[in-house]
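Please keep the sequence and the 3D view open while reading.

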Amino acid sequence: TNSSNFEDFTCSPSSNLIARAVTFREMGTIHDKWGNAENALKLYHKSLTCISEWRQKTGARVQITKDIDVEPLSTEPLASEEFQSSLLENLRLAKSFPLKVNFTQENGIEILLGDSQQDLHLSGDMVMVEYYNSFFYKEDGFSVEKASTKAMLSGSYVDVDVSLTLHQIAQTYKRQGEYGKAIDAYKASLRGMKNALGDLHPNVAAVLGNIGNLQKELGDLDGAYYTYQEVLGIESCLLGVSHPEVAISLHNVATIEAYRGNHETSIAIYRKVLSLQKKLFGDDTIAVATTSASMGDVHERIGDLSKATKCYEESLRAKTAVLGRHNIEIARLFHKLGKIAFARRDYNLADSYTSRAVLIYRLNKIP
């Protein structure tokens with residue numbers, strides 16, 4: 001559909017405005033996938049307009065129940081520097097269930113449970129912020145108990161579709177590099193998800209996770225750290241500290257700590273993750289390979305080449321078992337091992353590693 005034809009889909013009084021709102025959002029998603037962000041944003045905002053008109057005509061709020069079928073949101077994984085595009089493609093940021101509590105201690109790791117979003121920097125477009133927030137009732141003293149109760153009752157005060165659309169708007173703005181506008185939409189989406197579904201819903205944590213990713217991209221490592229701590233804390237409370245989702249979130253916290261320069265803390269968390277992953281999945285898995293390589297990155301960064309080598313070798317064994325000897329990931333690990341061997345003046349070993357990396361690159365037709 002061309003952008004010039006969007007206005008043909010007018011939200012007339014006789015229209016099913018809610019259905020139209022969903023349709024516009026789905027159309028926007030298609031344009032997003034086509035790479036047409038401008039048209040996608042027009043369609044997403046047209047979806048919001050339909051909801052706004054529906055409310056004006058009916059004076060009602062969307063009725064939902066605790067059993068509502070809400071499409072799951074997704075988050076993007078984090079990785080350590082050189083392995084960002086490859087080693088974590090099989091990991092995801094787990095979804096969690098935020099609560100309003102203070103601090104706790106679990107296995108020596110400080111966990112924050114609560115709201116970590118107050119200091120996010122908005123775009124400054126207060127007209128748009130007010131427009132986004134106008135879809136939700138303003139309530140002071142919002143509590144977990146109230147949210148959980150409302151989520152279980154029909155007649156919730158907010159519209160889930162608005163929150164989903166706002167999340168799509170945020171994702172599009174983020175990909176366009178308009179980070180302030182993305183934060184505006186993320187925060188409104190987060191508020192809507194909490195009001196509509198209660199704090200005990202995976203989509204709330206999915207939005208939090210994407211906010212954490214954006215904080216990290218903007219260099220707000222402290223903000224990202226506390227956001228991921230919030231996700232981790234909830235998972236630990238509801239799923240137990242030995243759950244696979246907790247291992248994934250712990251990995252993300254360790255990665256943030258490495259970026260913050262807290263290398264020893266990062267390594268300590270990676271060790272906990274590695275121990276948990278081996279217990280859950282066994283030694284030869286992508287998860288073990290990813291964490292071992294990430295820990296090796298940190299050891300290499302602080303100059304502990306001996307421990308870095310051991311970590312990369314463990315990652316190499318696990319990756320080879322899963323992917324085979326000629327996968328490009330194996331070549332990258334050989335390359336890293338060769339670089340470290342050269343730095344340690346073990347030139348024969350460096351030549352061996354590098355030669356094997358070059359062979360695999362050639363087999364994969366990489367110059």
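How many salt bridges does the count come to? The count comes to 14 salt bridges. The model is a predicted one.

**Salt bridges**

| Arginine 25 | Aspartate 161 | 3.2 Å |

Take the pair of aspartate 161 and arginine 25, joined in a salt bridge. It links distant parts of the chain, 136 residues apart. Aspartate 161 sits in helix α5, residues 160-175. Arginine 25 belongs to helix α1, residues 17-34. Aspartate 161 has a relative accessibility of 18%, so it counts as buried. The cut-off for buried is under 20%. Arginine 25 is buried too, at a relative accessible area of 3%.

Is glutamate 38 buried or exposed? Glutamate 38 has a relative accessible area of 54%, so it is exposed. Lysine 42 is partly exposed, with 41%.

Glutamate 257 counts as buried, at 5% relative accessibility. Arginine 260 is partly exposed, at 25% relative accessible area. Elsewhere, shared partners join salt bridges into one network of Asp297, Glu300, Lys336 and Lys339.

**Packing of α3 and α6**

Two packed helices are described by the angle between their axes and by the distance between those axes. Helix α3 covers residues 126-133, and helix α6 covers residues 179-197. They pack at an angle of about 20°, and their axes lie 9 Å apart. That angle makes α3 roughly parallel to α6, because angles under 35 degrees count as roughly parallel. The crossing of the two helices is right-handed.

Which residues of α3 and α6 make the contact? On α3 they are Val129, Tyr132 and Asn133. On α6 they are Asp184, Ala185, Ala188 and Arg191. By class, the residues of this contact divide into four nonpolar, one polar and two charged.

Note on methods. Residues numbered from 1 in each chain as written. Predicted model: local features only at pLDDT ≥ 70, side-chain atom pairs only at ≥ 80, totals over all residues. Heavy atoms only, no water. Axes fitted to C-alpha atoms, helices over the stretch in contact; angles between N-to-C directions. Helix = DSSP H or I, 4+ residues; strand = E, 2+ residues; numbered from the N terminus. Parallel < 35°, antiparallel > 145°, perpendicular 65-115°, else oblique. Left-handed = near helix turned anticlockwise from the far one by under 90°. Contact = heavy atoms within 4.5 Å. Nonpolar A, V, L, I, M, F, W, Y, C, P; charged D, E, K, R; others polar. Salt bridge = Lys/Arg side-chain N within 4 Å of Asp/Glu carboxyl O. Buried < 20%, exposed > 50% of the residue type's maximum accessible area, 1.4 Å probe, protein only.
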